[in-house]
Amino acid sequence: NIMLVDTVGFIRKLPHHLINAFKSTLQETMNADVILHVVDASHAEMDTQMAVVHQLITELGGQQKPILTVYNKIDKKPADRVLSNSVYGGESVEISALSGQGIEALLALVGKILFSQKSRLKLLIPYDQGSMLAVIHERAEVLSEQYLAEGIEINLICEQQYVAKYAPFVV
């Protein structure tokens, strides 16, 4: 499952009464597994816009999240403009939403980032710990489940944060 949140493109020149409304929308972004910062590579003030968004993400506490900088409109960017890896130190990709150029690379990078945060585990849950099944089904992608004499064998993919919790049951 994925959740996509779209926010206002450029925040610096918003009227003051709208800033709080957009901040609340942007706070939803802090629940994301990965943040895609889409940048207009053809815009004359691209660097300033990136700095403003970076500042806002930092204010909201999102700097620890994986941030992928997506340079859009590369087909319209000035020939002398050099696109840095990212102001966040993370990865970046160049695309053209108009032509579709770079979209495959974008999808591959998103997949790489998302799956680097997950682990595949094989667990054996004793029957007297069966209450864990509901939690596992809620928090993980269960690939297979088999009832054996000694307990329930489960193959799953889960977020890294749950690996320690499941460690006693790893086969």
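Which helix lies across β1, β2 and β3? In this predicted model, that element is helix α3, residues 103–116. Helix α3 runs at about 175° to β2.

Three strands form an open sheet, in the order β1-β2-β3. Their pairing is parallel. Strands β1 (35–40) and β3 (92–94) are the edge strands, and each pairs on one side only. From one strand to the next, the twist averages 20°. Strand β2 covers residues 67–72 and pairs with β3 over three bridges, in the parallel sense. Within this pairing, V70 has V93 of β3 as its bridge partner. Another helix, α2 (residues 46–59), also packs on the sheet. Helix α2 touches β1 and β2, and its direction makes about 160° with that of β1.

Helix α3 has 14 residues. From its first C-alpha to its last, α3 reaches 20 Å, close to the 20 Å expected at 1.5 Å a residue. Its buried residues are L106, L109, V110, I113 and L114. These residues cover an arc of only 130° around the axis, so they sit on the same side of α3.

Charged pairs come next. The count of salt bridges is three. D40 pairs with K73, with the closest N and O atoms 3.3 Å apart. This pair links distant parts of the chain, 33 residues apart: D40 is in strand β1, K73 in the loop between β2 and β3. K73 is partly exposed, at a relative accessible area of 33%.

A salt bridge also joins the side chains of K112 and E91, at 2.9 Å from N to O. K112 belongs to helix α3, and E91 to the loop between β2 and β3, 21 residues apart. E91 is partly exposed, with a relative accessible area of 30%.

The side chains of E153 and K122 meet at 3.7 Å, N to O. E153 is buried, with a relative accessible area of 17%. K122 is partly exposed, at 36%.

Methods. Residues are numbered from 1 along each chain as its sequence is written. This is a predicted model: local features need pLDDT of at least 70, side-chain atom pairs count only at pLDDT 80 or more; totals for chains, interfaces and linings use all residues. Side-chain values use heavy atoms; hydrogens and water are left out. Two strands pair if DSSP finds at least two bridges between them. Helices (H or I, at least four residues) and strands (E, at least two) are DSSP runs, numbered from the N terminus. Axes are lines fitted to C-alpha atoms, for helices over the stretch in contact, and angles run from 0 to 180 degrees between N-to-C directions. Contact means heavy atoms within 4.5 Å. The expected span of a helix is 1.5 Å times one less than its number of residues. Buried means under 20% relative accessible area, exposed over 50%, partly exposed in between (1.4 Å probe, protein chains only). The arc is that of the directions from the helix axis to the C-beta atoms. A salt bridge is a side-chain nitrogen of Lys or Arg within 4 Å of a carboxyl oxygen of Asp or Glu.
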